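Hello,

Here is the structure I promised to pass on. Please open it first, then read the notes below.

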Amino acid sequence: MTDANKEHFALKYLRKDRLPLMFCSGCGIGTVINSACKTFDKIELNMKDTVLVSGIGCSSRIPGYFECDSIHTTHGRALAFATGLKTFNPDLNVIVFTGDGDCSAIGGNHLIHACRRNIDMTVICINNNTYGMTGGQYSPTTPSGKKGTTAPYGNPERPFDLCKLVEAAGASYVARWTTTHPIQLARAIEKGMNTKGFAFIEVVAQCHTNYGRINGVKTNIELVEIIKNSSISINKAKNMNEEELNEKVIIGEFVNKEQPEYTEQIYNIIEQESVLNKEEENEENKKEGKK
Ligand SMILES: Cc1ncc(C[n+]2csc(CCOP(=O)(O)OP(=O)(O)O)c2C)c(N)n1
């Protein structure tokens, strides 16, 4: 077999019968899938012990393309389903693919509480600054002044900084990259998966169809260049003021720390309780003269 005929490495992880992807041409989601496949390949992830979870949206269609168990749940509820799954079976690798709308608008409450519990899972949030699937309504991350179908004169609201939000809510690993940083993104997914606790990786991505065009960006490539050129490393950003940071995307690792993890705490309680119950039972049996 020549190199040209060799199967792409990512196909090992994907459901070939479902290809090609349903996304618009030039969509940033393909890059995220590629980076995730790179990580899975590098760490030799056992797909049998892995479940991918999502809500509703373009980004939430990702799990269905992977050759493993997945749950495509309801809008904003991916983390609730993922919490149930991980709590029931803590040995599973749980990875959530979500969008800025799915996880920070309708699912915002679930996001902050999953961080607060520090439940062991990896969340990959594709932030395209809009509700892509439903036609470009503005989302909690749409920058002020940018247009959406529900903000034809420009967004009057201030956006969330998702990384700051999840850091404040208690996540153990937090990083932000863009689709123009696929290698760093793959490394962040790996670090997130190696974190015993809640890992949140934001990927700033292009949605030319429903965000770029309405904001006067002519081509998909131009939108990708805007994302690339507005990226500033966390270290550089430290020496810049608010005005200089306007419309910039700060990239890098924001949090990487060990903290108590939710399922471990829960199973410790169950273990202690069953020991106590056993002791109580033995005590009662003794009193009744039973063995
Ligand atoms: C309860 C409920 N409300 C609203 C919708 C409609 N809806 C589907 S996807 C979506 C937004 C998706 O945006 P995002 O999560 O940012 O994903 P993207 O499509 O941009 O990847 C909305 C509002 C829905 N499916 N269910």
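This is a predicted model: local features need pLDDT of at least 70, side-chain atom pairs count only at pLDDT 80 or more; totals for chains, interfaces and linings use all residues.

Helices here are DSSP runs of at least four residues, numbered from the N terminus.

**Helix 10**

Helix 10 covers residues 262-287. Just after this helix, Gly289 takes a positive phi of about 80°. How far apart are the end C-alpha atoms of helix 10? They are 38 Å apart. The ring of Tyr262 has a charged neighbour: Arg117 lies over its face, 5.9 Å from the ring centre.

**The whole chain**

The protein chain has 291 residues, and 45% of them count as buried. It holds 10 helices and 10 strands. Along its principal axes, the C-alpha trace spans about 85 × 55 × 35 Å.

Take strand 8 next, residues 198-204. Seven of its seven residues are buried. In a regular strand, side chains alternate between the two faces of the sheet. Here both faces are covered. Phe198, Phe200, Glu202 and Val204 are buried on one side. Ala199, Ile201 and Val203 are buried on the other.

Which strands pair with strand 8? One is strand 4, residues 121-127, which runs parallel to strand 8 and is joined to it by seven bridges. In this pairing, Ile124 stands opposite Ile201 of strand 8. Another is strand 7, residues 173-178, also parallel to strand 8, with six bridges. Thr178 has Val204 in strand 8 as its bridge partner. Between strand 7 and strand 8 the path takes in helix 6, residues 182-194, and the three make a right-handed β-α-β unit.

**The nonpolar core**

The largest nonpolar core has 36 residues. Ile33, Phe40, Ile62, Phe66 and Phe97 have the most contacts inside it. Several elements each supply at least two residues, among them strand 3, strand 4, strand 7, helix 6, strand 8 and strand 10. Which element gives the largest share? Helix 1 does, with six residues.

**Aromatic rings**

There are four aromatic pairs in the model. One of them is Phe66 with Phe97, which is stacked. Together with Tyr13 and Phe40, they form one aromatic cluster.

Tyr65 also has a charge over its ring: Arg18 lies over the face of Tyr65, at 5.2 Å from the ring centre.

**Pro159**

Last, look at Pro159. This residue is in the loop between strand 6 and helix 5. Its relative accessible area is 37%, so Pro159 is partly exposed. Pro159 and Gly252 are 93 residues apart in sequence. In space, the distance between them is 19 Å, C-alpha to C-alpha.

Best wishes

Terms used. Residues are numbered from 1 along each chain as its sequence is written. Side-chain values use heavy atoms; hydrogens and water are left out. Rings of Phe, Tyr and Trp (its six-membered ring) pair if their centres lie within 6.5 Å; planes under 30 degrees apart count as stacked, over 60 as edge-to-face and the rest as tilted. A charge sits over a ring if NZ of Lys or CZ of Arg is within 6 Å of the ring centre and within 35 degrees of the ring normal. Buried means under 20% relative accessible area, exposed over 50%, partly exposed in between (1.4 Å probe, protein chains only). Two strands pair if DSSP finds at least two bridges between them. A crossover is right-handed if, with the strands pointing away from the viewer, the path from the first strand over the helix to the second runs clockwise. The expected span of a helix is 1.5 Å times one less than its number of residues. A nonpolar core is a set of buried Ala, Val, Leu, Ile, Met, Phe, Trp, Tyr and Cys residues joined through side-chain atoms within 4.5 Å.
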